[in-house]
Each structure stands twice: as structure tokens, then as C-alpha cells.
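Keep the sequence and the 3D view open while you read.

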Amino acid sequence: MAQAVPVVIGPRPEPVHTVAVYAFDGMAPFELGVVVEVFGLARPELAGLLAAPWYGLKVCAERPGTPLEMVGGFSLVARHGLDELAAADTVVVVAVPDAFRGEVSAELVRALRTAHERGARIVSICSGAFALAAAGLLDGRAATTHWRYAELLRQRYPAVRVDPDVLYVDHGDLLTSAGSAAGIDLCLHLVRSDHGAVVANTVARRFVVPPHRDGGQAQFVEAPVPALPPEEDPVGRSMRWALEHLTEPLTVALLAGAANLSERSYLRHFTARTGTSPMRWVTTQRIAASLPLLEAPDGTVEEIAAAVGFESAATYRHHFSRTMHTSPSGYRRAFGRTVA
């Protein structure tokens, strides 16, 4: 008589969130590498921080197993096909083969529509927005792409409300971003949405990039990376000073004073450097500083608002909702569990 096998009853393991990214012959590897780095890399530094499993990544192509030539003289073999892309929880299209010629494969269009109908989150980086538009997913919605392609996207798909002046646009189920570096911002934004600010900041630290850039920040800036030493970088000096005084009332006059510039000159230099205004930047930094506090179990919204320098909880809620597309209380309900 066969011996009975004991059955262990317990909680089922939480399913892994699958991210599928589209690869094709002749693509540039940078944006693909960003997606692989964020969602496919092992993350031992997150031990104790994650309330849900890390992502499972699949690189997908129309002909899995066939070598794809990459820009730079090397090839890549994708193991997964578009059927697995259509079945993923998050689908990322980092580019299309030729935005100017307008070629988007019918197979990719079908896979995107299938994934969207299933309720998947669809994401584009750079010219990948053309694939989402070709699938009809962006009709009637605001979207962005690299500034170089923005007018072409508007002409080819007039039903899409193209915004060329932002880093990324988030509709929840559909997200689009500008090129290259904005793809990093959008991927970190996805991590923040899924796992909270503490996890996203940890990933950003390993990337050695800022943990949060507002999606509404301008794409094109004259000098996004300072080329001067600190003593010769007045705008950078004022930004560091502001971060040390976030809890205090801050004005353009105070920031200009920290930079030893007139207000008019400071505004010009700050916008050229960052692509945004000084006070909008300060507001974004205060919101970013509040996220770990919301994820902690103690502290009321009013106390957190005061702790990061907002004059009132109402002002904090207003700016928070505009930036994060949820309320402080809603964010706390979603991500309070992520704190170790």
C-alpha cells in the first residue's frame, strides 16, 4: 500500500510581477539595458524591504531564438516570444525600428492590444510611443516621446495629445516617457508605484542617479549635469543649501542669495540648469522627503507636512496629489507595509 504524502496547508507564495520588454533587430541597447538593470537584476540590497517578490523579467522578440543585431556590433538572443509579452503584467516598448519611416509590426500591435485588454500596464520609452499609438492605445490621451520625435508623433497620430515638454506621463495603465535618461526616471517611478519610496531610493542609489525627478520636468535643459566644482557652481550650491533647509520657509530671494546671484539671473540660470522653476523644484524635493515618512507607521499627515516644510496640510495635500496622482493617505495605505 502506497504511503500517503502529507499535505502542507499554508499561504500560497505571492505571484511574481512579470515585466516583458520588446527587442528587435537593429535596436540601440541603452534603453533595453535600463529595463534589464531595473527589473531583471538580483537585488540583495532589498532584503527586508520588499513586501512582495521582485519582478520577473522576460526579453521578448517576434522570432525568439534568432540572433538580433544590436547597434555597436554585437547580437542578442531573446528567449521569449510575443505571446509571452502579451501575457505579462507590465509590457515595455523601448523603441521602434524606424520612427521616421513609421514601421510598427502587426504582430507587436496585436500583442499590445491583447495585453492592454487583459489589464496589463503598458509602458513606452523614447520612440516606443509610436508602437502604443499604432495600437490605438493612446487615442484621446496625453503622451510624450523624445522631443526629436514629438512633432512626427503628433502628425502621424492626431488623436494623441502629444506633450513634448515633460519627462514622462502616467495614466496608470499607460505610461510614456522621453528618451534615454527619462527612461530611467520612468522605471524608477514604476518601482516607486509598486514598492514605495524606500525601495525606489535604494535602487536609485545603486544606479547612482537622483531617486526622483518629477515627470512634469522639461526634457531639454542646457546643463543637466554640473560641469563646475562646487565653489564655482552657484545654482548647485543653492540647491544643496535648500535641501539642508527644507523645513524652513524658502523663497526665490533666499535661494538667489545662497547662490550670490540676483533673482533675475538666478531664475535664468536655474531653469537652464534643471528645466524647472526653483519653487517647483523645492516642492518636489519636499514631497520626495515626505514619502519615507508616510511609509513609516507613525506621524499624522499634518505632522509630516510640517516636517518637510509645507505651511499647511492642505497645501501639502494639493501638491502631493498633483505630483503623485494620489493623496498622502492613499499613498500611506498602499506603501506603509514596505518599511522594514
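## Starting at a glycine

Leaving aside residues up to four places away in sequence, Gly299 touches Ile304 and Arg332, where a contact means heavy atoms within 4.5 Å. You'll find Gly299 in the loop between α11 (278-295) and α12 (301-307). Helices here are DSSP runs of H or I with at least four residues, strands are runs of E with at least two, and both are numbered from the N terminus.

Is Gly299 buried, exposed or partly exposed? With a relative accessible area of 28%, Gly299 is partly exposed. On this scale, buried means under 20% relative accessible area, exposed means over 50%, and partly exposed is in between, using a 1.4 Å probe and protein chains only.

## What you are looking at

This is a predicted model, in which local features need pLDDT of at least 70 and side-chain atom pairs count only at pLDDT 80 or more, while totals for chains, interfaces and linings use all residues. Residues are numbered from 1 along each chain as its sequence is written, and side-chain values use heavy atoms, with hydrogens and water left out.

The protein chain has 14 helices and 10 strands. Of its 340 residues, 46% are buried. Take the contacts in the chain with a separation of 6 or more: 65% of them are between residues 24 or more positions apart. The accessible surface comes to about 16,500 Å², and carbon and sulfur atoms own 56% of that; these areas come from the Shrake-Rupley method with a 1.4 Å probe, and for residues only the protein chains shown count as cover.

## The nonpolar cores

In soluble globular proteins, nonpolar side chains tend to be buried together. A nonpolar core here is a set of buried Ala, Val, Leu, Ile, Met, Phe, Trp, Tyr and Cys residues joined through side-chain atoms within 4.5 Å. The largest one has 76 residues, and Val35, Phe39, Leu112 and Ile122 touch the most other members. Which helix gives the most to this core? That's α6 (residues 181-195), with seven residues.

Ile122 is worth a click: beyond its neighbours up to four places away in sequence, its contacts include Val91, Leu112, Leu132 and Leu174. There is also a second, separate core of 14 residues, and among them are Leu294, Ile304, Phe310 and Met324.

## Aromatic pairs

A pair of aromatic rings is described by the distance of the centres and the angle of the planes. Rings of Phe, Tyr and Trp (its six-membered ring) pair if their centres lie within 6.5 Å; planes under 30 degrees apart count as stacked, over 60 as edge-to-face and the rest as tilted. The whole structure holds 11 such pairs. One of them is the edge-to-face pair of Phe130 and Tyr157, at 6.5 Å centre to centre and 70° between the planes. Phe130 sits in helix α4 (residues 129-134) and Tyr157 in the loop between α5 (150-156) and β8 (161-162), so the pair ties together parts that are 27 residues apart in sequence. Phe130 is buried at 1% relative accessibility, and Tyr157 is buried at 16%.

Another pair, Phe310 with Tyr316, is tilted, with 5.2 Å from centre to centre and 45° between the planes. Phe310 is buried with a relative accessible area of 9%, and Tyr316 is buried at 0%. As for groups, Phe100, Phe130, Tyr149 and Tyr157 form one aromatic cluster.

## Loops with something to show

Most residues other than glycine have a negative phi, and most peptide bonds are trans. Cys126, in the loop between β6 (121-125) and α4, has a positive phi near 55°. Asn260 isn't a glycine either, and has a positive phi of about 60°. Look for Asn260 in the loop between α9 (252-259) and α10 (263-274), where it counts as exposed at 62% relative accessibility.

Cys126 is buried, at 10% relative accessible area, and Cys60 is buried at 0%.

One last stop is Ala120, in the loop between α3 (106-118) and β6. Ala120 is buried at 2% relative accessibility. Not counting residues up to four places away in sequence, Ala120 touches Ala88, Asp89, Ala115 and Asp173. Ala120 and Leu174 are 54 residues apart in sequence, with 8.9 Å between their C-alpha atoms.
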